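Hello,

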Amino acid sequence: MTSMKLLYITPFPPEPSGIADYAAGFAAAIARFCEVDVVASARGDRLSHSLPAVRERMRDVRQRLRSSHYDLVHVELGRSLLVSFFAALDIAIEYPKMPLVLTLHDPPGLVWHPLLFAGIKNIPLFNMAWAGLAWPTEWLLERSLYRRAAMLLTFSHRGRDLLQQQKGLQDIRVIPMGVPVYPARPASAQIRVGYYGYLYREKGVEVLIDALALLKQRQPR
């Protein structure tokens with residue numbers, strides 16, 4: 001029996017990204033069940049907002065799709081990952097019969113302003129004006145990708161609810177993200193929490209703060 005072959009478009013180590021770390025674990029786990037071919041997207045910095053970076057990755061993806069057979073394409077999408085967004089959109093348009101699965105890390109949005117590339121982004125006033133003017137086109141691009149995807153995945157019911165309420169999407173699968181299990185700490189040990197990453201609503205930092213307050217209430221020491 002021939003195993004399934006997956007084309008996986010995602011940030012990947014050594015890129016300094018939480019999605020990259022997640023993707024490494026996911027790829028290792030799913031490799032037990034199918035063949036995984038990883039296309040590492042550019043990092044969420046200036047490089048990923050440049051037209052050359054987007055074009056380079058799109059050429060890479062197209063070359064792989066022409067030269068090899070894939071049963072499924074899976075794309076990890078975060079707010080700063082323009083390369084992943086345009087690669088997914090290109091596949092959806094050019095290969096409409098290819099099953100396309102999207103994991104949305106920061107619902108309800110896919111990316112920040114997909115038409116806002118590095119040259120424009122670095123000019124604040126032009127940045128704001130362009131973002132406002134481009135919004136209708138950007139929403140059409142997002143909606144086109146949503147509609148063409150075979151499956152949408154998110155990690156929480158909150159993310160699913162935001163997609164339903166703000167984007168009008170209904171068929172969304174929730175697969176909770178796994179967490180590593182660490183040895184239990186002594187009851188008297190002080191808990192210190194560090195947070196590194198973007199700070200905006202979709203990250204759910206307030207959920208962490210509420211959880212810590214609840215933990216302190218239940219276990220004062």
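Two strands count as paired if DSSP finds at least two bridges between them. Strands (E, at least two residues) and helices (H or I, at least four) are DSSP runs, numbered from the N terminus.

The model is predicted: local features need pLDDT of at least 70, side-chain atom pairs count only at pLDDT 80 or more, and totals for chains, interfaces and linings use all residues. Residues are numbered from 1 along each chain as its sequence is written, and side-chain values use heavy atoms, with hydrogens and water left out.

**The sheet**

Six strands make an open sheet with parallel pairing, in the order β2-β1-β3-β4-β5-β6. β2 (35–40) and β6 (172–174) are at the edges with a single partner strand each, so one side of each has no neighbour in the sheet. From one strand to the next, the twist averages 25°. For angles, axes are lines fitted to C-alpha atoms, for helices over the stretch in contact, and values run from 0 to 180 degrees between N-to-C directions.

**Strand β3**

β3 spans residues 72–77, and six of its six residues are buried. Buried means under 20% relative accessible area (1.4 Å probe, protein chains only). Both faces are covered: Leu72, His74 and Glu76 lie on one side, Val73, Val75 and Leu77 on the other.

β3 pairs in parallel with β1 (residues 5–10) over four bridges. Leu7 has Val73 as its bridge partner in β3. Tyr8 has His74. Five bridges join β3 to β4 (residues 100–104), also in the parallel sense. There, Glu76 is partnered by Thr103 of β4. The chain gets from β3 to β4 through helix α3 (residues 82–94), in a right-handed β-α-β crossover. Right-handed means that, with the strands pointing away from the viewer, the path from the first strand over the helix to the second runs clockwise.

**Helices and cores**

Helix α2 (residues 51–67) lies across β1, β2 and β3, at about 160° to β2. Helix α6 (residues 157–167) lies across β4, β5 (151–154) and β6, at about 165° to β6.

A nonpolar core is a set of buried Ala, Val, Leu, Ile, Met, Phe, Trp, Tyr and Cys residues joined through side-chain atoms within 4.5 Å. The largest has 34 residues; Ile9, Val73, Leu102 and Leu145 have the most contacts inside it. α3 supplies the largest share of this core, nine residues. A second, separate core has eight residues, including Ala23, Ala27, Cys34 and Leu153.

Best regards

Technical notes:
Buried < 20%, exposed > 50% of the residue type's maximum accessible area, 1.4 Å probe, protein only. Contact = heavy atoms within 4.5 Å.
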